[in-house]
Amino acid sequence: MNDASRFDSVDSKEAIEKTSVSRASKNSHEETYSADEKKLISLLSIRPYIISDAKGEASEIADRILANKQEFLKDLNAVLLNDTEDLFVKADKNTHLSKDFIPKDLVSLHTDKNYDIYRNDLSLRIPVEIALNKMATAAAIEGIRLVASSTYRSYDYQITVYNRNVAEMGKEAADRVSAQPGTSQHQLGTVVDFGSITDDYANTKAGQWLAKNAATYGWSLSFPKGYEDVTGYQWECWHYRYLGVPAVKFQQKWFKNIQQYMIEFIYGWKNAKS
Ligand SMILES: [Zn+2]
C-alpha cells in the first residue's frame, strides 16, 4: 500500500486528524517509513542504479517498487526467508567467485533418474539435483526427456573451457559466450546446460517445453534474448539456473522476469547498511 491509498482507507474524521497530527509532529515525511522502507528508498535513489540500466529499464523497475514499497518488501522478505539453500549468490562479469568457492553439497548425476546425462562426470548441488529430477519427471510425463549436458564446473575446469574458446574464436568473441574463471554461474553448482548447447535447442520439443515450464519448477533462463548488455552474454536458450519457485515468481512480478536484475538487487540489498 502506498501513502495515497493509506489516506484513502482512513474514513473517520478523528483518524484523519490523528494522522495529520502525527505527521505534523515529525519534521520530515521520511520518518513515517519503516527501516526497510527507508533502506529501499535510499538504495533505489542512488545513481548509478543498483541494477543495470544498460537497456534503460532501471528507472521503470525502481519507480514501480517505490510506488508499492510495502507489497515489494513483503515479497522480498518472503523470498529471502525461503532461501535456506543460499541460491542467490552473484557470479557474473562484475562479481567474481574465488578459486576456493566449491559447493559443499555436490552430488554426482546418475543415469537412474528421469533425466539423461550427456557424460558421466556431471554434478550439482543436492537441492538442485532434486529440483532437476522433479522437473524432468514432469517433462517425462509429457513424453519429453531432458538431457543435462553441462552442470557444475570448478574454477580450474572453467580455465580450460575459457582458454579453449579463446583459442578457437579469439578473446572478444569468447567473452560473449564463455565466462572467465570465477565469473561462471556453473561454479555455483545450481545451473544446467541442456541438450545440444546450441541455438537450435530452442526449436526442439525439450527446449520448447523448458521455455514454457521451467519457471513453474523454479528454474530461470539466465541469459535471455536481447539482454546481452545487461547479462554480459548472448542469448543461451539452454542455460537454466535453479532459484526456487518463490524467487522465480518474484523475478517475474518485479524484475521483468530478468534474473540478472533480481540477483543484482538482492546483492545490493544484502550488502547495504540497514
Ligand atoms: Zn551454461
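1. A residue is called buried if 20 or more other C-beta atoms lie within 10 Å of its own, exposed if 12 or fewer do, and partly exposed in between, the C-beta atoms being placed from the backbone. By this rule isoleucine 197 is partly exposed, because 15 other C-beta atoms lie within 10 Å. Its phi is near 55°, a positive value in a residue other than glycine, and isoleucine 197 sits in the loop between β5 (191-194) and α9 (205-213). Helices (H or I, at least four residues) and strands (E, at least two) are DSSP runs, numbered from the N terminus.

2. This is a predicted model, in which local features need pLDDT of at least 70 and side-chain atom pairs count only at pLDDT 80 or more, while totals for chains, interfaces and linings use all residues. Residues are numbered from 1 along each chain as its sequence is written.

3. Lysine 256 also deserves a look: it is not a glycine, yet has a positive phi of about 55°. Lysine 256 belongs to the loop between α11 (245-254) and α12 (259-271), and it is partly exposed, with 16 other C-beta atoms within 10 Å.

4. The peptide bond that leads from arginine 47 to proline 48 is cis, its omega being near 0°, and proline 48 is placed in the loop between α3 (35-45) and α4 (58-67).

5. The protein chain has a mean pLDDT (the predictor's confidence in each residue, from 0 to 100) of 90, and 89% of its residues reach 70 or more. Over residues 1-26, however, pLDDT stays under 50. Where pLDDT is low, the predicted coordinates should not be read in detail.

Terms used:
Contact = placed C-beta atoms within 7 Å.
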